[in-house]
Structures are given as C-alpha cells and as structure tokens.
Amino acid sequence: MNELKLEFEAVSENEGLARVVIAAFISSLDITVDELEDVKTAVSEAVTNAIIHGYEEHGGKVVMNATLKKERSDSSLLTVEICDTGVGIEDVERAMQPMYTTGLEDERSGMGFSFMEAFMDSVTVTSSLNMGTIVHMEKKLKAYDERQ
C-alpha cells in the first residue's frame, strides 16, 4: 500500500497543485489518459468546494489524504479524502443534488458533487456545521506496479 498526505492553504492556486500531486501519486499505474483525467477532475472539484464553500474564500487549510492499495494482481483501489475545517454543510443530501449551489447562480453551476460521482466509483460526504467536511472518494484502477 502507498499513502499520501498533503496539507495546503485554501487558496484557488492550490487547486492545480492538488491535481498535479494526485496525478504523480498514481503515475506508476497502467491507466488511460481518461482515467487519469477523471481522478484529477474529481480531486479538483472537491478541493474547489473546500476553498469556495468550506472556507467561503477566507482561507484555511485543506488536507488531501490518498491511498493506493493493491487488491488483485490486475487492480488497485485508489482512495482520496479531501478534508477542510470550514463552515460545514447543513444538508449534505441537498448539497449533492445537481444544480444546487450556495454561490451566486452566475458564478457556480452546482455540479461539483455530480462530477465527482460521475468520475469516481463512490463518493461519500461527511460534514458538521462549523467543523468542516470530508469528501471520501474511491476508484478502482489497473494494476499497481510494485517495482518502484
């Protein structure tokens, strides 16, 4: 099993950092460009939600935890958690509905969780008001190369 923990400031420039780091983390796998882009997009959406909605762009820390665990000789399970200690989500079920947004309608599409669910095999959101949110995502990927 391989593990990663990255803590960074909740500023929009670091959304790109999270994308690059998760791409590097899974680079040893024999995956398609589409699979790589799916994971990067899901991570990007989760980090963006933490920055914009979790901290309402007032700053804080975002933590990305990732594990890559070999399941069989031909597949590995990628688990990614994006965590913040921001304002939390009052109604997670409602927030995960397509087109729902707490931002201004002309600025946000309300599709972040929908994209995460489309690109990952599972997405679970745990949140407490004024304590933060954890977005837990999983995706089964091709074989992990242990030759590293």
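I began with helices α1 and α2, which pack at an angle of about 145 degrees with their axes 9 Å apart. Axes here are lines fitted to C-alpha atoms, for helices over the stretch in contact, and angles run from 0 to 180 degrees between N-to-C directions. I looked up the residues making the contact (heavy atoms within 4.5 Å): α1 gives E15, A18, R19, I22 and A23, and α2 gives L36, E37, V39, K40, T41, V43, S44, V47 and T48.

I note that this is a predicted model, in which local features need pLDDT of at least 70 and side-chain atom pairs count only at pLDDT 80 or more, while totals for chains, interfaces and linings use all residues. Residues are numbered from 1 along each chain as its sequence is written, and side-chain values use heavy atoms, with hydrogens and water left out. Helices (H or I, at least four residues) and strands (E, at least two) are DSSP runs, numbered from the N terminus.

**Entry: I22**

I located I22 in helix α1, residues 13-25. Is I22 buried or exposed? I22 counts as buried because its relative accessibility is 0%; buried means under 20% relative accessible area, exposed over 50% and partly exposed in between, with a 1.4 Å probe and protein chains only. Beyond its neighbours within four places in sequence, I22 touches V39, K40, V43, M64, A66, L78 and V80. I also recorded 7.8 Å between the C-alpha atoms of I22 and V39, which are 17 residues apart along the chain.

**Entry: length of α2**

After α2 comes E56, with a positive phi near 50 degrees.

F115 is partly exposed at 33% relative accessibility, and F119 is partly exposed at 24%.

**Entry: N130**

I noted that N130, although not a glycine, has a positive phi of about 60 degrees. Most residues other than glycine have a negative phi. N130 sits in the loop between β4 (122-128) and β5 (132-142), and is exposed, with a relative accessible area of 65%.
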